[in-house]
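Student: Can you take me through the pockets in this one, and then one residue I keep looking at?

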Amino acid sequence: MDNLAAIILAAGKGTRMKSGIVKVMHPLAGAPMVAWPVAVARQAGAGRIVAVVGHQAERLREHFSNDADITLAVQEEQLGTGHAVACAAGDLSGFSGKVLILCGDVPLIRTETLRAMVAAHEATGAVLTVLTARQENPHGYGRIIRGFDGRVIRIVEEKDATPDERSRTEVNAGIYCAEASFLFDAVKRIGNDNAQGEYYLTDIITMANDRGLRCTAHPVADPVEVMGINDRVQLAEAARHARRRIAEEHMLNGVTLVDPAATYIDQGVVIGADTTIQPGVQIAGGCRVGEGCTIEAGAIIKGSELGDRCVVESRAVIRGCRLGSDVVIKAGTVMEDSTVMDHAAIGPMAHLRPGSELGAHVKIGNFVETKKIVMGEGSKASHLTYLGDATIGRNVNVGCGTITCNYDGVNKHRTVIGDDVFVGSDVQFVAPVTIGSNTLIAAGTTVTRDVPADSLAIARTPQINKEGWKLRKRDQ
Ligand code: UD1
Ligand code: CA
């Protein structure tokens with residue numbers, strides 16, 4: 001909307017977080033706290049967004065570097081919320097529409113609430129509309145003081161309030177809709193004669209009233225939406241609400257969450273219908289999980305895409321991976337930056353290190369480690385094996401205890417294995433080495449030379465049987 005802009009106040013340090021990270025950059029369900037009000041302002045139709053930054057401005061600049069609709073106004077010294085809005089005025093000079101003001105530390109506000117506030121603002125013809133809520137425990141919030149006729153007269157901060165004022169439970173959400181012409185004139189005139197010596201944005205309510213301009217309150221029913229986060233206890237509380245909201249959305253879309261309160265799905269995850277997610281599962285923002293999948297207890301999925309009907313068993317960790325459909329990742333498997341095609345089965349307790357590209361119907365069994373390998377369709381390494389820096393063809397059977405000896409202490413070398421190769425148990429490939437297709441590598445062989453196609457390679461010390469040796473030993 002051309003006539004709607006937003007200012008996000010995010011310059012404060014957040015002293016009560018007791019953190020080296022500025023408050024608004026603390027993550028809430030996977031996204032920095034400040035990203036929440038920004039997203040909501042955008043969805044409510046704000047065409048331009050100014051974020052007022054100060055503490056760790058560079059960290060915020062980096063976070064917003066790809067957002068074309070956001071400009072940053074730097075507030076060098078945090079002199080108060082009124083001063084912060086004044087700092088944004090330059091970025092909105094010439095703008096004559098409505099300005100939404102949101103706090104970077106009030107993340108749970110909903111788009112529908114902002115839309116309703118803007119509509120009420122327009123309907124009443126006010127120059128300023130303040131979002132308010134009833135908080136059972138109003139501690140820390142500015143209190144709304146209404147006149148006998150119900151109009152909002154002013155907002156008093158807790159530190160400036162009388163005991164009577166402090167006992168009021170209607171609080172200022174710190175979210176406003178204002179006419180730009182009124183707002184930027186008013187914020188210039190705010191003083192700092194109060195308990196904290198700050199320029200309070202809330203003073204503009206009194207200013208509007210003094211000038212006979214209309215100022216209205218827009219109450220929101222759910223106090224959770226206006227929860228301000230000042231410390232880590234409140235952050236955890238807000239995260240709980242955020243997760244519940246996300247969980248409900250998925251459940252309404254056909255996803256079964258066995259225990260939503262114990263499921264940790266970040267903002268921005270896509271999950272297909274009929275997928276079941278057991279307790280203790282974490283799915284980070286940006287992941288996609290297909291339809292009809294089962295994600296068992298304690299699995300962690302980050303930066304990954306899973307096809308349909310995949311099964312991720314208990315405690316598997318999947319990071320930066322792409323999985324086709326009908327893939328089974330068995331218990332305790334860890335996989336990073338790898339690709340697994342349809343119908344493959346991995347684990348239990350397998351470790352796919354970065355760059356493992358596994359074809360359809362591949363089987364990787366327990367205690368198998370892979371790194372930078374390509375494995376063709378239908379190939380198997382079922383037990384206790386290390387495969388690194390290798391290209392393995394189709395329908396290859398890699399026996400138990402096989403090792404690609406890829407490192408000579410200085411450089412890494414590749415092992416290349418053709419199609420339809422049978423590798424017996426306990427084979428070492430001393431790379432670089434190439435094995436032709438349709439070969440058989442005998443168990444216990446240390447392969448140091450290339451093997452031509454269709455051959456048998458065997459390299460073992462001949463066995464000696466010393467008959468009666470054990471008995472002689474006993475009689476000594
Ligand atoms: C503010 C309101 C209070 C309201 C509460 C809602 C004022 C004076 N008080 O109090 O009425 O109930 O929010 O949560 O407005 N900020 C800046 N620059 C500054 C100061 C603050 O950008 O100089 C930012 C902070 O980063 C934060 C937001 O403004 O995101 C609110 O500031 P904070 O200090 O948390 O205000 P509260 O005391 O919570
Ligand atoms: Ca606050």
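Student: How big is the second largest pocket?
Tutor: Its volume is about 410 Å³. This is a predicted model, where local features need pLDDT of at least 70, side-chain atom pairs count only at pLDDT 80 or more, and totals for linings use all residues. Residues are numbered from 1 along each chain as its sequence is written, and side-chain values use heavy atoms, without hydrogens and water.

Student: Which residues lie nearest the centre of the second largest pocket?
Tutor: Trp36, Arg245, Ile246, Glu249 and Gln267, out of 20 lining residues.

Student: And which domains does that lining draw on?
Tutor: Domain 1 (4-226) and domain 2 (232-457) each give at least three residues to the lining of the second largest pocket.

Student: What about the volume of the largest pocket?
Tutor: The largest pocket comes to about 1500 Å³. Its lining has 48 residues, with Arg16, Lys23, Asp105, Gly140 and Asn230 nearest the centre.

Student: Which element gives the most to that lining?
Tutor: E10, with four residues.

Student: Switching to Thr333: buried or exposed?
Tutor: Thr333 is buried (under 20% relative accessible area), because its relative accessible area is 0%.

Student: Where is Thr333 found?
Tutor: In the loop between strand E24 (328-329) and strand E25 (334-336).

Student: What does the side chain of Thr333 reach at 3.3 Å?
Tutor: The backbone nitrogen of Ala350. The Thr333 side chain also reaches the backbone nitrogen of Met349, at 3.4 Å.

Key. Chains lettered and ligands numbered in written order. Helix = DSSP H or I, 4+ residues; strand = E, 2+ residues; numbered from the N terminus. Buried < 20%, exposed > 50% of the residue type's maximum accessible area, 1.4 Å probe, protein only. Polar contact = N/O pair within 3.5 Å; in protein donor to acceptor, adjacent residues only side chain to side chain. 1 Å grid on protein atoms, 1.4 Å probe; cavity = no way out; pocket = protein on both sides within 12 Å on 5 of 7 lines; lining within 4 Å. Points joined across faces, edges and corners; volume = space filled by probe spheres on them. Domains from an automatic or database assignment.
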